[in-house]
Amino acid sequence: MAALSPTSLSLPISSSTLRILPESDPPYKLLENHPSLHLLSKCKSIQDLKQVHSQIIKTGLHNTHFALSKLIECCAISPFGDLSYALSVFESIQEPNRFIWNTIIRGHALSSDPILAVEFYARMIQCGTEPNSYTFPFVLKSCAKVGATREGEQVHAHVLKLGLECDAFVHTSLINMGFMDDARRLFDEIPVRDVVSWNAMIAGYAQCGWFEEALVFFEEMRRMNVTPNESTMVTVLSACAQSGSVELGNWVQSWIENHHGLGSNLRLVNALIDMYSKCGDLETARGLFDGIHQRDVISWNVMIGGYTYMSCYKEALALFRLMLRSNIEPNDVTLLGVLPACACLGALDLGKWIHAYVDKNFQNITNSSLWTSLIDMYAKCGNIEAAEQVFDGMSSKSLASWNAMISGLGMHGHADKAITLFAKMVNEGIKPDDITFVGLLSACTHAGLLELGRQYFSSMIHDFNISPKLQHYGCMIDLLGRAGMFDEAEALMKNMEMEPDGAIWGSLLGACKVHKRVELAEHVAEHLFELEPENPGAYVLLSNIYAGACRWDDVARARSRLKDKGMKKVPGCTSIEVDSVVHEFLVGGKEHPLSKDIYEMLDETDRLLEMAGFVPDTSEVLHDMDEEWKEGALSHHSEKLAIAFGLISTKPGTTIRIVKNLRVCGNCHSATKLISKIFNREIIARDRNRFHHFKDGSCSCKDYW
């Protein structure tokens, strides 16, 4: 035959090469050693495989199930394979045997759309082919991957009917599916339980989220003197991380040091880093990380993820940048750890870089989590248009994607868009969950849509059978309080299935300030003092409510109680990203290297504001749970420092984006509206509650926040 390309396989076919006729059934040994089938194991690409397939057809091997099963196996399971090509070969077989069915099911189970494995299993049953112990592990794994509980229960029934539940592989798959009661019963019936059996049970409990049960089972394993192995310890450390069991984690570290030596097993060290960081001991975790001589991508991922988990976002981004400088290629897990840090810090430039990296390296990834994180990042960094573009570009949207987009639109004040998107979601057959309604009710709250909020709250309960949680009640009580509907708000609180938390009482206290309901404020504040005795916010806000009513003796008494308790308020902090670097400012802060220039711009801004007729509202200098301390002059609030830095550090006309940890004060809100007009800048500010888009002297919140 003609020579193939240099990178392809070459198979000389002589006149004596065996050719298989239709309807024939040659011996297995003869087929096993056929040169065409031997070449399948040497294929390095789908092009190689297709050339071998052509030789299989020429020699008549395609008339045998054995050859076709090997071809499908290579197509469906190998790293370079093509499942669609395997499927085309499969569909050409009139009566596939059990091995071929199992292979195509396995291929789909490993694919990005594992539910198809379940569909092929159903076809297999309909065609009269009986499944065996090799069929069920991949079908059950597929059910577990996509959360197909009902289908998993039906497959489980088939397992029991065929008497295969005692098979080791099937047993492990039942555990992975979450049928832990059956798994425990089977485990108890095993006469000799080895470490693999114990590991399967511990891993099963952990995968179901039953971390305490997993650790109890591990303790039982120790009492039975079963020696754990590496897999045991990795699972146990994961359970420790999720349950906060740092004491047991310390014991595991001692065991590793005694049995392996800490530096000899990277997988175990990575698990220890993950455990310590999620248990809050970042210093020990970082010490272990720094002690690794040759880190893999997982080492970086668990340390970055640990920083993000503990809300140490600056440290997470700093480590990510070090990872890039170390020429370590980040994977999707890395980015899922970094994007929330970008979102919380408002690091839009880095978020954009990650988006470009995803487009280049993960364009075909079917896991929607990465795209959902990008939506969340863009929304929280103030670029809601980019979030919408990512959302619209997703070919397959998960419920989390819809939720992120609805929530993002709501926090930007686009309640109309959030409501429209919710309607589209329901029309497309996507069933909302409790998180969907938190986003939807928040959108109504930010826009003051009381009647719509009532309707959605009722629909959530009666149309979608979702029981309200604290967040839903919080949204409704905030909405009612802002509207001055205190009687209805209190009635709703009395009918709650759980006790109101500090956030709910706090929102009601804030509404009392808006509507000057001093007596009610005193009643609400007492609940807050009882619930959160160490939180200064209630004392500060009650003091301001008294001041607004000119009850100065009560003001002094409230501030005295605050002082006597020795409590200090979390200072206002505002961050701004310029040239991919996040800068943070505290009220009256002068630590920034450009502090002199910043304060000169601040003075110039105040001069221009005065010329424009701006008069500071001195009432805002009072203590307020949503404002900075009185000793910070109004013009030195952290958001004004960040805006001044943005004005001197970016080109004219550039949008300025800032993130504040507290609610923006009324004085700064009024000033920022004018600053946007004076300097012809759009200023996008994210405070503790929502986004404000300042442009041409007005704000997107329409002064309702």
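Colleague: In which helix is S595 found?
Modeller: S595 is found in helix 34, which covers residues 595-611. Helices (H or I, at least four residues) and strands (E, at least two) are DSSP runs, numbered from the N terminus. This is a predicted model, in which local features need pLDDT of at least 70 and side-chain atom pairs count only at pLDDT 80 or more, while totals for chains, interfaces and linings use all residues. Residues are numbered from 1 along each chain as its sequence is written, and side-chain values use heavy atoms, with hydrogens and water left out.

Colleague: Does S595 count as buried or exposed?
Modeller: Its relative accessibility is 11%, so S595 counts as buried. Buried means under 20% relative accessible area, exposed over 50%, and partly exposed in between (1.4 Å probe, protein chains only).

Colleague: And which residues does S595 touch?
Modeller: Leaving aside residues up to four places away in sequence, S595 touches G589 and K590. Contact here means heavy atoms within 4.5 Å.

Colleague: Changing topic to helix 9: what should its 14 residues span?
Modeller: Helix 9 (residues 149-162) should span 20 Å at 1.5 Å a residue, and its end C-alpha atoms are 20 Å apart, which agrees. The expected span is 1.5 Å times one less than the number of residues.

Colleague: Which residues are buried in helix 9?
Modeller: G152, V155, H156 and V159 are buried there. They cover an arc of only 110 degrees around the axis, which puts them on the same side of helix 9. The arc is that of the directions from the helix axis to the C-beta atoms. An α-helix has 3.6 residues a turn, so residues three or four places apart point the same way.

Colleague: What is on the other side of helix 9?
Modeller: R150 and K161 are exposed on that other side. Just after helix 9, G163 takes a positive phi of about 70 degrees.

Colleague: At what angle do helix 8 and helix 9 pack?
Modeller: Helix 8 (residues 136-146) packs with helix 9 at an angle of about 160 degrees, and their axes are 9 Å apart. Axes are lines fitted to C-alpha atoms, for helices over the stretch in contact, and angles run from 0 to 180 degrees between N-to-C directions. Helix 8 and helix 9 are therefore roughly antiparallel to each other. Angles under 35 degrees count as roughly parallel, over 145 as roughly antiparallel, 65 to 115 as roughly perpendicular and the rest as oblique.

Colleague: Which residues in helix 8 meet helix 9?
Modeller: F136, V139, L140 and C143 of helix 8 meet residues of helix 9 including E151, G152, V155 and L162.

Colleague: Now helix 33: which of its residues are buried?
Modeller: In helix 33 (residues 552-564), D554, V555, A558 and L562 are buried. They cover an arc of only 110 degrees around the axis, which puts them on the same side of helix 33. The buried residues pack against helix 32 (537-548), whereas W552, D553, K563 and D564 are exposed on the other side of helix 33.

Colleague: Where does N465 lie?
Modeller: N465 lies in the loop between helix 27 (450-462) and helix 28 (470-482). N465 has a positive phi of about 55 degrees although it is not a glycine, and it is exposed, with a relative accessible area of 66%.

Colleague: What is phi of K702?
Modeller: Phi of K702 is near 55 degrees, a positive value in a residue other than glycine. K702 lies in the segment after strand 6 (698-699), and at 73% relative accessibility it counts as exposed.
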